[in-house]
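Please open the structure in your viewer and keep a selection tool at hand. The stops below are meant to be followed in order.

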Amino acid sequence: MAEVGRAAVRDPGALLPGGFWAAVAVWLERPQVANKRLCGVRLEARRSVAEPRAEDCGPRPNAGREQEERAAAAPGLRPPDGGLGPGPSSGPDLGAPRLAGGPGQPREPGVGDADFPASDLESAWDACSRSLAGGGPEVLAFLAGSPVGSQPGAPRELDLVLRTVIPKTGPHCPLAVPRREMVVRDVLNGTVTFLPLEEDDRGNLKVETSNAYQIRLSQSREEWFISILIFCPERWHSDGIIYPRPSWLGEELLPRLARWSVDSKKSGFKSTLSLISIIKYSKTYQMLKEKYKDMVKEWPEVTDPEKFVYEDVALAAYLLVLWEEEREEQGLTAKQSFVDLGCGNGLLVHILSTEGHPGRGIDVRRRKIWDMYGPQTCLEEDAITPNDKTLFPDVDWLIGNHSDELTPWIPVIAARSSYGCRFFVLPCCFFDFIGKYSRRQSRKTQYREYLDFITEVGLACGFHVEEDCLRIPSTKRVCLIGKSRTYSPAREVSMDKQRTQYINSRRGHLASPSGETPASLPPRAAVGHEGHPNGHRALDVGAAEGGAEAPADELWLSGFQPREKVERLRNCATLPRDFIDQVVLQVAHLLLDREEQISIGDASSGSSKAWNRGGSLSLTEVANELDPETLQRLKRECGGLQTLLRNNHQVFEVLNGRVHIRDWREEQLQRQQHPEAKRRLFSEAFKTRICWFFSHHPDGCVLPSDSCPFAHGPAELRLPRNPKKKKQIL
């Protein structure tokens, strides 16, 4: 036995020992957070067991050979396909249950009920106990966290978890396979032991003691310590994926556990991929990534191809696994149909269609990349307005991937399309039924509050709403899924009245683009064919050109305005140059009037001279000095005055809501600390623009000509170099 690392933990918030168990739960349930070569884990089963003793681990009295072999073989460990993952008929994925509480608590509902019966786990533990006893007293002492030869105390209950560790698969590690581990948590001793499992040629289960390791919490003189120990360092086998080097455990994992143990911040989101099989997702994602990786090379849009391609590949992998498991649960063979509302570049539609799911995408603006997909990918250029004609009664799923103003309406459209229509939304920008969403709870983040709002919409529409966290390169990666209803089809009419009342109740929180209060919803007609309101079966999209508001009598809530067909740049970049120069000069004079003289060296005379660096004003104070017409023009741009000032980085520094004249002597000092790649970019832009201070500041530029990155007069101007195209990394 060897200690590969030991860390002292400062606990000013008195979070230990509870914080230690929370940190261990992260490593147990989400090891991919620390080990990036893992896809995740699948928790198979859990229960409380008695601590193994050497005298209890021999053959049972009166037990026949057949019973012993059956117990040793631990039935249920080998799926029908011969692999380590669950078989196709093993039931739904178990997600990631929490390990709250100590030994003796009942295991969480559903954990192991379908995939790994409790009786099989008990048999597996019996086999593990005999395997441990066969390794000698050292193994049992390691498990108990006590010295070899010490007198055993009273028997303790241990918390037992069986998990499958799932590695990432790909071109670099094609042979990596999932491995099962028995995790033994001893709360009284403060230890968690990870026991790798393997089967011999006859299928008998045993513990691979060479790679057994333990995380231990101890206390000495009011100081807490976390340590990691491995049972047999000389026989430790590192595969670089599931079992890293011992040095990684001590230098990488241990500091993370110590930090997590005293981290009082709790995440308000679920673990990633908690609703689907991680094994299936990993295989599907790698297959799609390999199949569609060439899209990165051919991307015709101005957006980042790596981000958008791999994000849509991950989204498609998630949906394909979700729908596959839904078909298995319902005994269906036909692949689900879909409509992606606000499909954007259409890549998600293209992948899902290519993988055999009938569907289409609708967006208000056509993209260049649409022409690359071919006729099998159905993409339509139209604006969607929520009304009785915008229904999809023959579609299984509605998708809203960053669907902006349509996001809160998608559960409503799905509910009114048909009783069997489901929805998947990935909220990004915060929209209410009309206009932007207004926050009302300061205790939550805006993102968490908005997710709760969309969940509330789904519940009001009669859906059981589930939440999951995706593995995509985005900060907004929580999706909401409505797969089933809370009511029977016979209650459709009364349920639709409830939806109408809920949408009407939001009127007090809404403001239409014109500033008027939205009108109430008109009374809905009797339910038509198959529970669809008004019996509409065809999609009628296409609001007025340019995003104009649709007629109020057709909308479910008057005031809704789809986004404009032609996207307007509203970042102050399209404002006339003379208007921008006028505002910049006016604000600069306001700051310079609050004189703050500093001395700078004069290279020509060897003496020093005064330079006015100006004072500072808040954005509100600056706005109060501008005329109403200028302010109104700026308000029509995203960010307004602040964006214009930030865009003029050469002149102004905007920090914490206050505006200053930029001092380029300080900028020089900061640039010397930048990495070489960034300094190279600065050198390529050197002297390609006229220095504003040389032309407009009453004291000239604070820097001499040879040090200023901007040109002191037309004679110093250089032509800008063409930037090298970024090489794509596949």
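This tour of a predicted model goes from cavities to aromatic rings and then to charges placed over rings.

To find the largest cavity, select its lining residues, among them Gly-342, Asp-363, Asp-382, Ser-403, Glu-405, Pro-562 and Arg-563. Taken by class, this lining comprises six nonpolar, two polar and four charged residues.

Next, turn to the aromatic side chains, of which a search of the whole structure finds 25 pairs. Select Trp-236 and Tyr-243, whose ring centres are 6.4 Å apart and whose planes stand at 90°, so that the pair is edge-to-face. Trp-236 counts as buried because its relative accessibility is 11%, under the 20% limit, and Tyr-243 is likewise buried, with a relative accessible area of 2%.

Then move to Tyr-437 and Tyr-450, an edge-to-face pair with 5.4 Å from centre to centre and 70° between the planes. Tyr-437 lies in the loop between strand E13 (422–426) and helix H12 (446–460), while Tyr-450 is in helix H12, so coloring by element will show a pair that links parts of the chain 13 residues apart. Both Tyr-437 and Tyr-450 are buried.

Finish with two charges over rings. Arg-185 lies over the face of Trp-21, at 5.1 Å from the ring centre, and the charged end of Lys-307 sits over the ring of Phe-308, 4.9 Å from its centre.

Conventions:
Residues are numbered from 1 along each chain as its sequence is written. This is a predicted model: local features need pLDDT of at least 70, side-chain atom pairs count only at pLDDT 80 or more; totals for chains, interfaces and linings use all residues. Side-chain values use heavy atoms; hydrogens and water are left out. On a 1 Å grid over the protein atoms alone, a cavity is a set of points where a 1.4 Å probe fits but cannot get out, and a pocket is an open set with protein on both sides within 12 Å along at least five of seven lines; lining residues have an atom within 4 Å of a point. Ala, Val, Leu, Ile, Met, Phe, Trp, Tyr, Cys and Pro count as nonpolar, Asp, Glu, Lys and Arg as charged, and the others, Gly among them, as polar. Rings of Phe, Tyr and Trp (its six-membered ring) pair if their centres lie within 6.5 Å; planes under 30 degrees apart count as stacked, over 60 as edge-to-face and the rest as tilted. Buried means under 20% relative accessible area, exposed over 50%, partly exposed in between (1.4 Å probe, protein chains only). Helices (H or I, at least four residues) and strands (E, at least two) are DSSP runs, numbered from the N terminus. A charge sits over a ring if NZ of Lys or CZ of Arg is within 6 Å of the ring centre and within 35 degrees of the ring normal.
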